[in-house]
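Me: Could you help me learn to read a pocket and a helix pair?

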Amino acid sequence: MKRKFGDRANWRRITRRHFTSRYVEGEQFTGYLTLYTIYGLKEPLWKTYGRHTYRIADRGYSWLQYYPKDSHFIVTAMFDEKRRIVQWYIDICKKQGVTDQGVPWFDDLYLDVVVNKDGEVFLLDEDELEDALRRSDITRDDYRQAKVTAREVLRAIDAHEFPYFMMSLDHRDRLFHNGEFRRKR
């Protein structure tokens, strides 16, 4: 199981970035909210889901990430250089926390849900979860937690009850470009 950090400090592809993180308490969302903006990189990152290939990281792209308090998933809304949504990526996790420096992290449980800008939904890496259990990298309880959490996320998406889609579109402009999380020059 890998621990992943919101600031992606070890991501070698990125040569220049800006990272900001805030703890937010509200009716809609409570937890850490981060914005990772890419200013320079060695090469763009492309991913293929289904029949389509998407560029998910390039110069000017930004990733708005939600770490919901007491949840077993993390939501990343990926935006292009024109602030248009590219996709939402939901990592299923065992637990999450924050470093002494205020950087949120999570322990990845392999399963991921991707929702592209056209609304197509993909469940990824079931084979990795199975392999991790077989290798004893995770416990049977971790395995069950990952499966249950993924099922709950997929059910909420299917029922149009997953709030992060609309919330991220609102937060991207209102809080980060025009509001209190705006980069100080």
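Reply: On a 1 Å grid over the protein atoms alone, a pocket is an open set of points where a 1.4 Å probe fits, with protein on both sides within 12 Å along at least five of seven lines; lining residues have an atom within 4 Å of a point. This is a predicted model, where local features need pLDDT of at least 70, side-chain atom pairs count only at pLDDT 80 or more, and totals for linings use all residues. Residues are numbered from 1 along each chain, and side-chain values use heavy atoms, without hydrogens and water.

Me: What volume does the largest pocket have?

Reply: About 880 Å³, counted as the space filled by probe spheres set on the grid points. Among its 27 lining residues, Lys4, Arg8, Trp63, Tyr89 and Asp91 are the closest to the centre.

Me: At what angle do the axes of helix 1 and helix 2 cross?

Reply: Axes are lines fitted to C-alpha atoms, with angles from 0 to 180 degrees between N-to-C directions. Helix 1 (residues 126–134) and helix 2 (residues 140–158) cross at roughly 165°, their axes coming within 10 Å. The two helices are therefore roughly antiparallel (over 145 degrees). Glu126, Leu129, Glu130 and Leu133 of helix 1 meet Arg140, Tyr143, Ala146 and Lys147 of helix 2, with heavy atoms within 4.5 Å. That contact has four nonpolar, no polar and four charged residues.

How values were computed. Helices (H or I, at least four residues) and strands (E, at least two) are DSSP runs, numbered from the N terminus. Angles under 35 degrees count as roughly parallel, over 145 as roughly antiparallel, 65 to 115 as roughly perpendicular and the rest as oblique. Ala, Val, Leu, Ile, Met, Phe, Trp, Tyr, Cys and Pro count as nonpolar, Asp, Glu, Lys and Arg as charged, and the others, Gly among them, as polar.
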